[in-house]
Amino acid sequence: MVQLAFSTNGYSRFDLPEAIRRIADHGYDGVEILADEPHAFLADFDETDRERVVTALDETGLSVSNINANTACGYYDDAPPSAFFDPAIISADEEDRRWRIEYTKAALDFAALLDAPAACVASGSVLPGTPPSEAYDYLLESLDELTDYAENVGVDLGIEFEPELLVECTEEVLTLIDDVESDALGVNLDVGHAAVCGEDPAESIRQCAGHITGIHLEDIEGGRGGKHYHLIPGEGDLDFEPVFGALDDIGYDGFATFELYTYPDEPDEAARRARDELVEYVR
């Protein structure tokens, strides 16, 4: 049976242990940890920080659904309030690409420490001066190394496709999985991202059967082909009954994690309403 989790990126006004405790207060089974500022930017996350997280998890009884290493805002001294995927695993600059590979390895180590089943990373955006075919070669090279590492630590690595990134839809992520040829590589499937790309989220789930490392949930205004802005379920136009029906059809029994970073002023309200809206599908 699917279990519900909530991502700490919705609690950006709180430190990580407090975010974990607040999520537990709303009856969730799991928590996704943001491996970036303001929670766990792993380049600066020391042993004391890790111990505080373990303590909060022990006190609440929450499991960790995923380590979300998609963004790297903490890399910058003064990052603006937007998602930073760079340095990415497709960066043409070898030093930047190496930094991101090592950072993703740290996310896999953190997942192993917390008994999380997976960590996720995004491909990154294709930047001027790097044609998509060249960026894809860098992606394959990076993932060859990362999947070897993931296999060694016993944690899956999920690619999260997203509109306007190099890997932005179901077909592209499945092609990538076939090209890499590693059982450690899968997809962290965000149903809203599938919808924004014009796909049927339930069909995307079925196509990705056997490769799903985690699910991200949010509503989208306009449904398929709508704008990429994460909404509490019920505020947009997605139909979640077929989404959970597809998860049931493929025998998925992992976590479905709400990713509602768009409600920084009212995260408790977002967490409460999101669970109330969809808990009927996991009972």
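**Exercise 1. Cysteines**

Find how many disulfides the model has, where a disulfide is a pair of cysteine sulfur atoms within 2.5 Å.

*Solution.* The count comes to 0 disulfides. Take Cys 73: the nearest cysteine sulfur belongs to Cys 120 and is 14 Å away, and Cys 73 is in no disulfide. Next take Cys 208, which is in no disulfide either; the nearest cysteine sulfur, that of Cys 169, lies 10.0 Å away. As background, a disulfide is a covalent bond between the sulfur atoms of two cysteines.

This is a predicted model, in which local features need pLDDT of at least 70, side-chain atom pairs count only at pLDDT 80 or more, and totals for chains, interfaces and linings use all residues. Residues are numbered from 1 along each chain as its sequence is written, and side-chain values use heavy atoms, with hydrogens and water left out.

**Exercise 2. α1 and α2**

Describe how helix α1 (residues 16-25) packs with α2. Helices (H or I, at least four residues) and strands (E, at least two) are DSSP runs, numbered from the N terminus.

*Solution.* Two packed helices are described by the angle between their axes and the distance between the axes. Axes are lines fitted to C-alpha atoms, for helices over the stretch in contact, and angles run from 0 to 180 degrees between N-to-C directions. The axes of α1 and α2 come within 9 Å and cross at roughly 15°. Therefore α1 is roughly parallel to α2; angles under 35 degrees count as roughly parallel, over 145 as roughly antiparallel, 65 to 115 as roughly perpendicular and the rest as oblique.

The crossing of α1 and α2 is right-handed. A crossing is left-handed if the near helix is turned anticlockwise from the far one by less than a right angle, and right-handed if clockwise.

Contact means heavy atoms within 4.5 Å. On α1 the contact is made by Leu 16, Pro 17, Ile 20, Arg 21 and Ala 24, and on α2 by residues including Arg 52, Val 53 and Leu 57. The residues of this contact of α1 with α2 divide into 7 nonpolar, 2 polar and 3 charged. Here Ala, Val, Leu, Ile, Met, Phe, Trp, Tyr, Cys and Pro count as nonpolar, Asp, Glu, Lys and Arg as charged, and the others, Gly among them, as polar.

**Exercise 3. Two partners of α4**

Describe how α4 crosses α3 and how α4 crosses α5.

*Solution.* Take α3 and α4: their axes come within 10 Å and cross at roughly 25°. The two helices α3 and α4 are therefore roughly parallel to each other. The crossing of α3 and α4 is right-handed. Residues of α3 including Arg 97, Ile 101 and Leu 108 meet residues of α4 including Tyr 138, Leu 146 and Val 153. The contact of α3 with α4 holds 8 nonpolar, 2 polar and 7 charged residues.

Now take helix α4 (residues 132-153) and helix α5 (residues 170-180): the axes come within 10 Å and cross at roughly 60°. That makes α4 oblique to α5. The crossing of α4 and α5 is right-handed. Tyr 136, Leu 139, Leu 140, Leu 143, Asp 144 and Thr 147 in α4 meet Thr 175, Leu 176, Asp 179 and Val 180 in α5. The residues of the contact of α4 with α5 divide into 6 nonpolar, 2 polar and 2 charged.

**Exercise 4. Thr 147**

Which residues does Thr 147 touch, not counting residues up to four places away in sequence?

*Solution.* Thr 147 is in helix α4. Thr 147 has 3% relative accessibility and counts as buried. Thr 147 touches Val 180, Ser 182, Ala 184 and Leu 185.

**Exercise 5. Backbone angles**

Locate the cis peptide bond that joins Glu 37 and Pro 38 and the residue Glu 164 with its positive phi.

*Solution.* Most residues other than glycine have a negative phi, and most peptide bonds are trans. The cis bond between Glu 37 and Pro 38 has an omega of about 5°. Pro 38 is in the loop between β2 (30-34) and α2 (47-60). Another cis bond runs from Asp 86 to Pro 87, with omega near -5°. Pro 87 lies in the loop between β3 (63-68) and α3 (94-113).

Phi of Glu 164 is near 80°. Glu 164 sits in the loop between β5 (156-159) and α5, and at 71% relative accessibility Glu 164 counts as exposed.

How values were computed
Buried < 20%, exposed > 50% of the residue type's maximum accessible area, 1.4 Å probe, protein only.
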